[in-house]
Amino acid sequence: MNLAGVRRRAAGWLPAVVVFVIVLVLWETTLTVFQVQSFLFPRPSVIVAALIDDRATLWKGVLFTGTEALGGLVVGVFLGTVAGLATARWATAREILVPVAIGASSIPILAFAPITINWFGAESVLPRMTIAALMVFFPVMVNTVRGLTQVEPAALELMRSYAAGDMEILRRLRIPNALPYWFTALRIATTLSVIGAVVGEFFGGPLYSLGIYITYYTGQFKYPTAWAAIVLSCALGIACYLGAVVAERFALPWHQARLAGES
Amino acid sequence: MTDSQPTQSPSDRPARPVVAIAGAGKTFGTGHTAVTALQGIDLAIGSGEFVSLIGPSGCGKSTLLRLIGDLTGPTTGEIRVNDKPARQARLDRDYGMVFQAPVLMDWRTIARNIELPLEIMGFPKEERARRSAELLRLVELEGFQHLHPWQLSGGMQQRVAIARALAFDPKLLLMDEPFGALDEMTRERMNLELMRIWGRTGTTVVFVTHSIPEAVFLSTRVVVMSARPGRVSRIVDIDLPQPRTVDTRELERYFELVTAVREALRQPDAQSGGQADLDDVGAARIRAEGIA
């Protein structure tokens, strides 16, 4: 990347950074001016202090919860993709499974968190991985099916005119067509998996895991400490999301260029 | 009209036409909701011909083209391409197809869009690169090979689609209103380009259009169809000199033939199955002038 490119990209990020800093400053000053109690809404500086104070435990929590989220993400995305491919391949499977999948995606999966703890034990990463994987599965599957099947009819006729077989059509038309849909699902999935992991921990987990940390310290009325874990949960979600965005940039450079309206 | 080339009459067309359609009919749906799109179509297209199918919307001209390409099957009758059933011809990759939309793949560069059929047909990489470079020259898009489809204008995209259809050297080109979405100026330029390409490749072309001037300018024969049910109402031989150039559109004979096709479209059943000859055209002109 040349210098002009770096500068242009930096210029693109600048407004977001400025807004973020302004929000922090407003947050800090407003709460100070109106003397809001820190158990209601702590100032950023107080949260940062709490974060630094207990950094060793919090870091352990980030690693633990992050493992749950990432593990659930990988398993859920893999299974959702496989199910999507199978569903798109067999029309009868599609007619039966897609309505079921759409219906099933409205199930509050978090309600199963206590059950998964009963299966694997609270200290294990497996209960939250299962929850995260389940939450990720449906959007990935539905988007994969959509991308594989919503192909231009004329493109299918074109392939037919070449006497292309089903595998050729899958490889050269359906899968490339599905990739933008799949990456959209991946972005949704990253944030869902972090939510699944953190909220799943509310029902049980090791003391240092972010979800338990939050519930424990709110119970102790140590709100700034709880806030530190909340901020880290957000950071974890944002990091996973950005990871998906970067992966998409590398995998589908043409799609980025197209969206940017480059010519 | 002494400078015009002799017209092929049905008798001196090759014994084995590239496309042979016998009693073909196509009905969509069943029972009382059934719609007969085509009925009793007989048509033979010889090697190297440029045949346009023209008619009002709903006359089944696109359906007829899709029958030739085996993109849909006939309800009755038989379609043979290169002396074999249409289905076998499709499986043998005997024809290239161009649709109204370019149907290019956004994730592929221009060069790789042209190479798509070659990849499917298992051509080696060097051969693919050689052919796509050659075709980019033919459609005058050198230097655009690394761009993606959306970075090209509509006319350029359609040129890529033509290059793609020609990539594997099919002896038959099926074109379904390929310039229908283009503006008049671009369309006329594309017509000239197509004539140049046709002159160089010697491909047999079946071309669906709803533009009378376009059909007359391009074709060696124009098949005029009528609607409900779709059938061939008349075939007009276009005896304009080859090669067709910008000057062709200014020949008196060109206007005569445009009038003849227009008359045939207006009176679908008056001279069913008849061949246009000078008397018919003359009569048409007299009628036209009488009205004017």
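## Basis of the model

The model is predicted: local features need pLDDT of at least 70, side-chain atom pairs count only at pLDDT 80 or more, and totals for chains, interfaces and linings use all residues. Residues are numbered from 1 along each chain as its sequence is written, with chains lettered from A and ligands numbered from 1 in the order in which they are written.

## Helix α9 of chain A

Helix α9 of chain A spans residues 210-219, and its buried residues include Leu210(A), Ile212(A) and Tyr213(A) (buried: 20 or more other C-beta atoms, placed from the backbone, within 10 Å of the residue's own; helices: DSSP runs of H or I, at least four residues, numbered from the N terminus). The buried residues of α9(A) pack against α3 (55-89), α8 (166-201) and α10 (223-251) of chain A. Just after α9(A), Phe221(A) has a positive phi of about 60°.

## Nonpolar cores

A nonpolar core is a set of buried Ala, Val, Leu, Ile, Met, Phe, Trp, Tyr and Cys residues joined through C-beta atoms within 7 Å. The largest holds 80 residues, of which Ile68(B), Val206(B) and Val261(B) touch the most other members. Helix α6 (residues 154-166) of chain B gives the most to this core, namely six residues.

Apart from it lies another core of 55 residues, among them Leu58(A) and Phe137(A).

## Contact between the chains

Chain B contributes 18 residues to the contact and chain A 17 residues (contact: C-beta atoms, placed from the backbone, within 7 Å). On the side of chain B that touches chain A, α4(B) gives the most, with three residues.

Technical notes:
A residue is buried if 20 or more other C-beta atoms lie within 10 Å of its own, exposed if 12 or fewer, and partly exposed in between; C-beta atoms are placed from the backbone. Helices (H or I, at least four residues) and strands (E, at least two) are DSSP runs, numbered from the N terminus. Two residues are in contact if their C-beta atoms, placed from the backbone, lie within 7 Å.
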